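Open the model in your viewer and keep the selection panel at hand. Each stop below says what to select next and what is there.

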Amino acid sequence: MNAFRLTMLFKLPPFQPACSIDTAKWGKHVGVEIETCLNNIYSKVVSWQRNIFKLPSGASGKAFIEEISRLTNLWTNKTNLESVSLLALHVLGPLLLQKPSRSSKNRDHIRYLTARLKKWKDGSLMICY
């Protein structure tokens with residue numbers, strides 16, 4: 001390899017560390033507590049059996065998709081929640097779309113999803129298991 005191609009091959013952009021989570025706030029949770037809660041939730045959720053309902057159409061389904069977009073943007077735009085946003089994204093589906101019962105109907109799913117989304121945004125759904 002010639003010298004020019006070799007220098008171009010190993011020329012990397014400068015390192016930019018992730019934003020600090022110390023100043024982050026999500027409902028009543030602050031800083032590293034957010035990360036601890038999400039890690040605990042994730043460790044529980046991965047062992048659950050698949051028991052989720054289909055995403056309902058309408059306002060609650062749209063609000064769920066908007067929350068997915070918000071979490072993705074937290075990571076993309078390098079906010080102080082950058083380090084936990086993808087973890088929150090992985091936990092969001094199983095937590096919010098969990099069926100309330102075997103015989104639950106679509107109207108129940110809409111009601112539960114709306115209530116869970118409100119709790120999720122307030123931070124009260126992130127109970128440290």
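Select E67. Its relative accessibility is 1%, so E67 counts as buried; buried means under 20% relative accessible area, exposed over 50%, and partly exposed in between, with a 1.4 Å probe and protein chains only. This is a predicted model, in which local features need pLDDT of at least 70 and side-chain atom pairs count only at pLDDT 80 or more, while totals for chains, interfaces and linings use all residues. Residues are numbered from 1 along each chain as its sequence is written, and side-chain values use heavy atoms, with hydrogens and water left out.

E67 and R70 form a salt bridge, and their closest N and O atoms are 2.7 Å apart. The term requires a side-chain nitrogen of Lys or Arg within 4 Å of a carboxyl oxygen of Asp or Glu. R70 is partly exposed, at 33% relative accessibility. The two partners are three residues apart in helix α3, so about one helical turn separates E67 from R70. Helices here are DSSP runs of H or I with at least four residues, strands are runs of E with at least two, and both are numbered from the N terminus.

**Along α3**

Now select all of α3, residues 59–76. How far apart are the end C-alpha atoms of α3? They are 25 Å apart, which agrees with the 26 Å that its 18 residues should span at 1.5 Å a residue. The expected span is 1.5 Å times one less than the number of residues.

Colour the buried residues of α3: S60, G61, A63, F64, E67, L71 and L74. Look down the axis. These buried residues fall within an arc of 165 degrees, so they line one face of α3. The arc is taken from the directions from the helix axis to the C-beta atoms. Turn to the other side of α3, where A59 and K62 are exposed.

What covers the buried residues of α3? The cover includes β1 (25–26), α4 and α5, where contact means heavy atoms within 4.5 Å.

Stay in α3 and pick T72. T72 is partly exposed, with a relative accessible area of 30%. Then pick L89. L89 is 17 residues from T72 along the chain, and their C-alpha atoms are separated by 7.5 Å.

**Past the end of α3**

Move on to K78, which follows α3 and has a positive phi, near 55 degrees. The side chain of K78 meets that of E82 in a salt bridge, at 3.7 Å from N to O. K78 is partly exposed, with a relative accessible area of 41%. E82 is buried, at 9%.

**The nonpolar core**

Next, show the largest nonpolar core, with 25 residues. Such a core is a set of buried Ala, Val, Leu, Ile, Met, Phe, Trp, Tyr and Cys residues joined through side-chain atoms within 4.5 Å. Which members touch the most others? L96 and W120 do. The elements that give two or more residues are α2 (32–45), α3 (59–76), α4 (82–96) and α5 (106–122). α4 contributes the largest share, seven residues.

**One aromatic pair**

A search of the whole structure finds one aromatic pair. W26 and W120 form it, edge-to-face, at 5.2 Å centre to centre with 90 degrees between the planes. Rings of Phe, Tyr and Trp (its six-membered ring) pair if their centres lie within 6.5 Å; planes under 30 degrees apart count as stacked, over 60 as edge-to-face and the rest as tilted. The pair links distant parts of the chain, with W26 in strand β1 and W120 in helix α5, 94 residues apart. W26 is buried at 4% relative accessible area. W120 is buried too, at 0%.

**Around the end of α5**

Select D122 and K118, both in helix α5, four residues or about one turn apart. They form a salt bridge, with the closest N and O atoms 3.4 Å apart. D122 is partly exposed at 40% relative accessibility, whereas K118 is exposed at 54%. The count of salt bridges comes to four.

Last stop: G123, in the segment after α5. Is G123 buried or exposed? It is buried, with a relative accessible area of 0%. Show its neighbours. G123 touches W26, G27 and H29, not counting residues up to four places away in sequence. G123 and K28 are 95 residues apart in sequence, yet 6.4 Å apart in space, C-alpha to C-alpha.
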